[in-house]
Every structure is written in C-alpha cells, then in structure tokens.
Amino acid sequence: MKYKIETWGCQMNEHDSEVIAGMLEDMGYQPTDDENVADVVILNTCCVREKAESKVFGRLGTLKRLKQNNPGVILGVCGCMMQQPEMAEKIRKRMPHMDLIFGTHNIHELPQLIKKAQESQTTQVEVWQREGEVIEDLPIRRFHGVKAFVNIMYGCNNFCTYCIVPYVRGRERSRQPEDIVAEIKDLVQHGYREVMLLGQNVNSYGKDLSQNIDFADLLQQVNEIEGLDRIRFMTSHPRDFTDKLIDILASCERVCEHYHLPVQAGSTRILKKMNRGYSKEEYLRLVEKIRDKVPQASITTDIIVGFPGETEADFNETIDVVQRVRFDGAYTFIYSPRPGTPAAKMEEQVPEEVKKERFQKLLELVNSITEEINHRLVGRTLPVLFEGTSKYDENIIAGRTRTNKIVHVPGTKDLIGKIYPVRITEAQMFSLSGEILKENQDLF
Ligand code: SAH
Ligand code: SF4
Ligand code: F3S
C-alpha cells in the first residue's frame with residue numbers, strides 16, 4: 001500500500017504533512033512520488049493568499065481522473081483551507097470524488113477517517129471548528145535527515161488585519177518545554193544536527209503555560225543539548241522581540257545568526273492599520289539593537305504591497321526601510337483580501353495595476369540587495385552544514401551557512417550531514433558556490 005502527500009503553504013503545513021506521513025506509515029503505507037500507484041493521496045492546503053486557493057481547486061479537479069482509473073484510491077484534502085467552513089462545504093458539494101475532508105485541528109483522526117471512508121464509501125467531512133489540547137506523541141515521518149522541524153507552539157493570537165491564519169489555526173497553544181527538549185534530544189540521538197523551532201509567532205511562546213517560561217528561556221534550554229549543532233526558529237514577531245531575547249541570541253552559540261523578522265510595511269500609518277504593534281522607527285531601532293549585539297546577523301523579512309489605503313508615499317516608506325535595513329532576503333507579496341479578515345472590508349482597496357507596479361519595483365530592489373550581500377561573501381570561508389544533493393545535479397551537494405545562505409559545492413553524498421569550512425568562490429541571487437577546504441576539516 002502506498003501514499004502520496006502534496007503540501008502547499010508554510011513550514012507548519014510541511015511539518016503537519018510529516019505527521020500525516022507518520023500516521024500513514026504506522027498503518028502500513030509506504031511513500032511514493034507516483035500518484036498513479038498510490039492508494040492514498042492527500043493534499044495539504046494553504047489559504048494565506050487567494051492564489052494558493054485557486055491552485056488547490058485546479059488540482060482537486062485533476063484528481064477525479066485518479067478515482068476513475070482506480071475507484072479504490074482514497075483521496076483526501078486537509079490543511080488551513082478546510083478550516084474555513086464554507087470551503088469544506090464547497091468541496092464536499094463540488095468534488096464528490098474526494099473521500100476525506102479534514103482540518104488542521106483534527107489531523108490525528110486520519111486513521112479513523114480512512115477506515116470510515118473505506119467502509120461507507122461516502123465522503124467523510126470532519127473539521128473541528130475549535131482547537132483541542134496539544135496532542136503529543138503522534139508518529140512523525142520526517143522528510144529531511146539532517147534538519148528537523150520541531151513545533152514549539154500552535155496558533156496565533158495577533159490578528160494582523162490582513163491575515164487569515166488566526167482564524168484557521170486557532171489560539172496560541174505552547175508545548176511543554178520538557179516535551180520539546182525530549183523530542184530534540186531524541187532527534188540528536190538519531191543523527192539530526194539542526195532543529196528549526198516552529199510557531200506562527202515563536203516569541204510569544206510560554207505566555208499560555210502555567211510555568212514561568214518565555215521563548216528566550218526555552219532557547220537557552222535547547223542550547224544546552226549536547227550533540228546539537230544548530231538551532232533556528234521561525235517566525236519571530238518584531239513586537240515581542242525583547243532585549244532579553246537579543247542577549248540570549250548573542251550568548252547561545254548553537255543558535256544560528258539568522259533572524260526572519262517580517263516587517264510587512266514601512267509606513268507607520270499602514271503598520272497601525274495592519275495591527276502590527278510597532279512603528280517604522282521601532283522596527284529600525286530593533287534591527288540596530290540586534291546588529292549591535294550580533295554584528296554578523298543575517299536578517300530576512302516578509303513585505304506586503306498594496307494593503308488597503310497604501311499611498312505612493314506609504315509605499316516609499318517601505319522602499320526606505322528596505323534601503324536602510326538592507327535585508328539579506330525578503331519574501332514579497334501582493335496584498336490579497338482574505339474573507340472574514342478586517343482588511344478585506346476596508347475601503348480604498350488598491351487597484352491591481354498599482355499593486356503590480358509597486359510589487360515589481362520592490363522585488364527589483366530587494367533582489368539587487370540580496371545579490372550584493374551575496375557577492376560580498378566571495379573569498380570568505382564559512383562553515384556549511386550539507387543537507388542533500390542539488391535538485392538539478394547529483395554531483396553537486398547543497399548546504400547552508402549559519403546565516404542561512406544556500407551553498408553548492410561539487411562533491412559526493414557522503415558530505416550530507418557534515419559541517420565543513422567552505423571557501424565561497426561565486427555568488428548568485430539565491431545561492432553561493434564554493435569549494436571545501438579539506439585541510440581545515442578538523443576545525444568543525
Ligand atoms: N506568522 C508568520 C507568517 C504568516 S504567513 C508571521 O507573522 O510572519 C506568511 C506571510 O504571508 C506573512 O508574513 C505576510 O507577509 C504574508 N501574508 C499574510 N496574509 C496575507 C495577505 N492577505 N495578502 C498577502 N500576503 C499575506
Ligand atoms: Fe498572521 Fe500576524 Fe499571526 Fe503572522 S502574526 S500568523 S501575519 S496574524
Ligand atoms: Fe498557509 Fe496555513 Fe501556513 S494558511 S501560510 S499553510 S499556517
């Protein structure tokens with residue numbers, strides 16, 4: 001018996017898919033890339049922007065052919081998009097070839113849902129509208145062998161006015177620190193060298209726990225784990241980035257010097273309408289404080305253009321922030337109205353052509369800065385943790401610097417999982433090329 005999972009969206013979804021895979025493997029299914037031979041096909045969906053949703057609808061339509069060829073196949077759809085009540089209903093009505101529809105809050109029910117679908121031959125729709133307790137000890141089949149995703153919390157309480165995530169992922173729930181530390185110790189024993197601590201807003205970790213612990217304390221605990229080489233985290237909110245956290249980041253040697261710090265917009269007026277909880281000046285000051293304590297810090301960001309009411313002057317504030325901070329990288333998005341969010345109802349929606357024009361201008365700027373920063377690394381020697389072969393060439397091995405830059409070197413698969421010093425020889429927009437300095441390998 002074989003399964004295939006397709007994942008849209010962020011690392012949260014990616015990690016949920018690892019849990020889904022774990023449950024399926026416990027039931028006796030094996031992974032396959034070929035949907036034509038799969039007995040179970042699951043689509044894990046995202047709804048953060050409209051484009052993501054329309055792609056899912058297209059894909060669901062194409063699954064019909066699989067069902068026609070093999071009526072016994074189980075077709076499932078889950079993820080954030082299903083947590084919107086009208087969406088699950090729409091799919092149930094329009095896509096009768098789907099066997100399972102379930103949400104992000106009840107992934108753990110998958111084995112029972114599959115059994116029910118097999119017995120009854122009717123679509124099983126089970127979407128919990130409210131989040132339950134954090135469930136520990138679900139099986140996980142991790143997709144990477146070197147770095148592991150570790151959830152530290154679920155949900156989001158921030159309600160940025162453009163964002164649908166708090167509606168589909170529920171309120172913040174932190175895992176117990178003991179559970180997190182035990183999971184990471186186990187990962188280290190299984191050969192993992194890096195962990196990525198995941199949460200929609202990792203620095204509000206612990207606020208809902210009875211014990212007195214915050215994200216900085218948790219990082220310190222994880223930093224003590226022997227045998228672990230690298231710690232990353234995603235995503236941190238500028239509003240909750242405390243001085244204490246900056247000090248801890250600077251003092252924990254296993255925590256990588258890369259911080260993803262979404263700014264979203266440069267204009268304080270727009271930031272206020274977005275409910276982000278900081279001004280342009282506060283954001284700039286935060287970056288300064290971080291760079292003061294961690295001079296080699298790589299800072300990346302997310303930016304939205306065309307939020308309702310954004311004027312040319314507001315947009316120029318965004319450009320100004322980008323020029324001042326000089327982000328190592330930025331994900332740029334065109335604002336997409338999401339049903340049920342306050343911003344979708346705001347007047348003064350920005351016309352599509354204006355959004356596109358601004359987006360293009362911003363993209364060119366952020367990319368040129370990323371490239372310039374990368375070019376400055378040519379000639380430097382940096383420790384690289386190798387993760388896997390390049391997508392395009394088996395003889396090229398890809399890894400990352402602590403600052404999260406992708407580095408390609410010619411080599412063989414035995415490099416995977418090792419950290420070597422690499423001399424950077426070339427820089428492209430989204431990656432670097434280099435050569436391993438073997439004579440120094442004992443250093444790492
Ligand atoms: N919790 C994370 C990520 C949330 S989703 C955070 O707070 O940063 C990832 C990114 O998608 C956001 O940072 C934002 O830039 C973008 N995004 C969210 N909603 C959007 C919308 N309605 N339109 C366009 N981009 C959006
Ligand atoms: Fe969305 Fe804001 Fe929460 Fe991030 S912090 S998930 S952008 S509401
Ligand atoms: Fe998308 Fe859900 Fe992540 S909406 S961005 S997959 S939390």
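## Exercises on a predicted model

Ligand 2 has around it Cys-156, Asn-158, Phe-159, Cys-160, Tyr-162, Cys-163, Val-165, Pro-166, Gln-200, His-237 and Arg-276, where a residue counts as near if one of its heavy atoms lies within 4 Å. This is a predicted model, in which local features need pLDDT of at least 70 and side-chain atom pairs pLDDT 80 or more, while totals for chains, interfaces and linings use all residues. Residues are numbered from 1 along each chain as written, chains are lettered from A and ligands numbered from 1 in the order written, and side-chain values use heavy atoms, without hydrogens and water.

**Exercise 1.** Sort the shell around ligand 2 into nonpolar, polar and charged residues.

*Solution.* Start with the classes: Ala, Val, Leu, Ile, Met, Phe, Trp, Tyr, Cys and Pro are nonpolar, Asp, Glu, Lys and Arg are charged, and the others, Gly among them, are polar. The shell then splits into seven nonpolar, three polar and one charged.

**Exercise 2.** Describe the sheet that contains strand E10.

*Solution.* First, recall that strands are DSSP runs of E with at least two residues, helices are runs of H or I with at least four, and both are numbered from the N terminus. Two strands pair if DSSP finds at least two bridges between them.

At its edges are E7 (147-151) and E11 (230-234), each pairing on one side only.

Then look at one pair. E10 (residues 194-198) and E11 run parallel over five bridges, and Val-195 sits opposite Ile-231 of E11.

**Exercise 3.** Find out how Phe-215, Phe-233, Phe-241 and Tyr-259 belong together.

*Solution.* Rings of Phe, Tyr and Trp (its six-membered ring) pair if their centres lie within 6.5 Å; planes under 30 degrees apart are stacked, over 60 edge-to-face, and the rest tilted. The whole structure holds eight aromatic pairs.

Take Phe-215 and Phe-233: with 5.2 Å centre to centre and 70° between the planes, they are edge-to-face. Phe-215 lies in helix H7 and Phe-233 in strand E11, so this pair ties together parts 18 residues apart in sequence. Both Phe-215 and Phe-233 are buried (under 20% relative accessible area; exposed is over 50%, partly exposed in between, with a 1.4 Å probe and protein chains only).

Now take Phe-241 and Tyr-259: their ring centres are 6.4 Å apart and their planes at 65°, so this pair is edge-to-face. Phe-241 is buried at 5% relative accessible area, and Tyr-259 is buried at 0%.
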